[in-house]
Structures are given as structure tokens and as C-alpha cells.
Amino acid sequence: MTKPLLNISDVCLSYGKHPVIQAINLHLQEGEIGCLLGSSGCGKTTLLRSIAGFEKPNTGEIRIRDKVVNDNCTHTPPEQRNIGMVFQDFALFPHLSVNKNIAFGLGALNVADTAKRVNELLSMIGLEGSGDKYPHQLSGGQQQRVALARALAPKPDLLLLDEPFSSLDVELREQLATEVGKIIKQEGITAILVTHDQHEAFAMADKVGLLHQGKIIQWDSPYDLYHEPQSQYAANFIGQGVMLPGEVIGNRTIKTDLGNIHGKIPEGCRKGCQLELLIRPDDIIHDDNSPNQLRIIDKVFRGAEFLYTLKVNANNNVLCITPSHHNHPLGSLLGITLDVSHIVVFKRQK
């Protein structure tokens, strides 16, 4: 296997006695897009700034293209790391045209090569013919594409994106994340995105690192992070799942208030072992003919679908998504079946 383009080993950073990032280990191969995902204050932006060189970790090593840019003896300045950055406020120069914004980092090229690269990027971001416009004449999504093109123009080894869609409308974020991901892939650039929005992470990233209290809880593909969370924190953070109590009653059989569920149980669990099962909306299938009926206690209309909250017992609810033509009133019963083809279970915390 080739050496990773970005390799981070045991990186820690504290402000005084307050640890911000702790024992971070991750790597990205050339051309991969990674994401640092987590809630506010988890350390993801500090880690990104450490990769960029704006922060100096207390311990650990950061390598880019197998060159050490940070360890106990080395701290390469940001401008010498061949890194591009895209910020949440775009940071475009308002007095410069789109062409000149994109060309800003291309001072080493002659006029003809600069124009060729700018036109190439304008075509790539879908803004052909807009080179003479100024940032205020563009929509937020268009400005973000220009900021991306400016960062990509010098062909950096690594592109860092710090909450790049947070100032945009919610409806636009996931769409633009998908588009930006395709552009980065087309350029063959290795990139890291910082976001608190899992939909943005899943739309763009090949690998996602879920951070909590300065630690990476799980570094995995988006699919495995969703379907195979390695901790209850990851299970609760990703998706809209709920934890339902269960009890092992036999080999690969768990008793729950929704019926018996069959599947792999945690190692060392025997009959009587108390568990927590992750039940997501896609595990609950609407079935009018099912004898298993749960009462609707809340519903959210989402256009193409309803998200129903169903009462299991006095202490537990589950979620169910149905097509929106299945419009059932609050308080009525909804027939359901379970489709838990791959169960995720944890030992119940005492």
C-alpha cells in the first residue's frame, strides 16, 4: 500500500491544563476526502488548524507527502505546507473580479497559463462567462464555488475546508457538498472537511472521523459509521436512532417490547444479559396488516414522507418513516413490522 498523503500520529494539543485534542491518529491516501465531524467544541477546528500550521500541537507528528511538518522539533509555517483553505465566510476579495480572485494564488505562472487555469476552473465550477463579475453579484452558492476554485488553482497537496457551507441555506448545503465533492475528486486533490452536519459529511467524504471531547471516537467510511457504530455515542450521534432495551433469551435471540429479534449479540453475553438495541427509522416498516400496532404520538411532514414517533411503552418510543400519502392522525394506531437485518447492540450501562 502506498504511503498516505496525510499521516497524523498521536497528536495532542492543550491550552494550559485544558486538553483540546487528545491522541489523534488518522491518515488519508492521495485523492481521498476526509471529514472531521462533531458537535461544537469537540476539537475538530483545532485539529484542522493544527494540520494547516496555525496551531502547534504539544506532542505528536503530522506528515504531508511523507514530509514532517510538525513534531517536537519541527513546525513548518502554513505558507510552506502547500495547503489550500476554504473558509465558512468565503473570504473572497470584494474589490477583485471572479477571474482575479481565482488567479490570486497563481503569481508564479505567466499570463497565458494563468488565464488557461482560471478558465479551466470556471468551467469546472459551472461559472463560465462569469469571470468579470464581482463577488457581490453572485449567489452564496456561486461565491462558495469561486472560493473553492481559488483554493484549488495552485493545485495544493491538501485542501482544508472549515465549515464551508454553514452560512448557506439548509436546502443548499447537501446539494453543494455533493457538487464540491465531485469537483475535488475531478481535480484529484486530497481534502479534509470540518462540519457538524452529518449529511454534508456523508455527501462528500470517503472517510469520516467522529470527534467527541477531543478524541476520534471512530474513523470509518460513512456507510460503516452509520451501520456499524462502535460506541453508543456514535450510535446516538449518527442518524435518528433510539436505544431500545432488550434481554438475551437464547442463542442469538433478544427479547424486546417490539418482539423477539435474532442476530449477533455482544461477546460474553449469555441468557439474561441486558442490552440496548439501536433502532433507526428504516428498521420500522409501516404495514397496515401487521398485528403489531403502535400509537402515533408525534408526526412531522417532510413533503415526500412523514416521520412518525410511535409509543412502544411508558419509557420508549421509536421512529418510522412512511411515504406522505400514508397520512395517519395523531393518536391513531400504526401497524408496523421490524426489518432489523443487521442489528447494532450494546451491553446496557449499569
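How are helix 3 and helix 5 oriented to each other? They are oblique to each other. This answer, like the rest of the report, rests on a predicted model.

## Helix 5 and its partners

Helix 3 covers residues 111-124. Its axis lies 11 Å from that of helix 5, and the two pack at an angle of about 140°. Angles over 145 degrees would count as roughly antiparallel, so the pair is classed as oblique.

Helix 3 brings Arg117, Glu120, Leu121 and Met124 to this contact. Helix 5 brings Ile183, Gln186 and Glu187. By type, the contact residues are three nonpolar, one polar and three charged.

Helix 5, residues 170-187, also packs with helix 4. Here the angle is about 25°. Angles under 35 degrees count as roughly parallel, and helix 4 and helix 5 are therefore roughly parallel to each other. The crossing of helix 4 past helix 5 is right-handed.

From helix 4, the contact uses Gly141, Gln144, Arg145, Leu148 and Leu152. From helix 5, it uses Leu172, Leu176, Glu179, Val180, Ile183, Ile184 and Glu187. Seven of the contact residues are nonpolar, two are polar and three are charged.

Ile183 and Glu187 of helix 5 take part in the contact with helix 3. Ile183 and Glu187 also take part in the contact with helix 4.

| Helix pair | Angle | Axis distance |
|---|---|---|
| Helix 4 and helix 5 | about 25° | 11 Å |
| Helix 3 and helix 5 | about 140° | 11 Å |

## The largest pocket

The largest pocket holds about 420 Å³ of space. Strand 6 (83-86) and helix 4 (140-152) are the elements that give two or more residues to its lining. Strand 6 gives the most, with three residues.

The lining is made up of 12 nonpolar, three polar and two charged residues.

Which element gives the most to the lining of the second largest pocket? Strand 20, residues 344-347, does, with three residues. Eight lining residues are nonpolar, five are polar and two are charged.

Notes:
Residues are numbered from 1 along each chain as its sequence is written. This is a predicted model: local features need pLDDT of at least 70, side-chain atom pairs count only at pLDDT 80 or more; totals for chains, interfaces and linings use all residues. Side-chain values use heavy atoms; hydrogens and water are left out. On a 1 Å grid over the protein atoms alone, a cavity is a set of points where a 1.4 Å probe fits but cannot get out, and a pocket is an open set with protein on both sides within 12 Å along at least five of seven lines; lining residues have an atom within 4 Å of a point. Grid points are joined across faces, edges and corners, and a volume is the space filled by probe spheres set on the points. Helices (H or I, at least four residues) and strands (E, at least two) are DSSP runs, numbered from the N terminus. Ala, Val, Leu, Ile, Met, Phe, Trp, Tyr, Cys and Pro count as nonpolar, Asp, Glu, Lys and Arg as charged, and the others, Gly among them, as polar. Axes are lines fitted to C-alpha atoms, for helices over the stretch in contact, and angles run from 0 to 180 degrees between N-to-C directions. Angles under 35 degrees count as roughly parallel, over 145 as roughly antiparallel, 65 to 115 as roughly perpendicular and the rest as oblique. A crossing is left-handed if the near helix is turned anticlockwise from the far one by less than a right angle, and right-handed if clockwise. Contact means heavy atoms within 4.5 Å.
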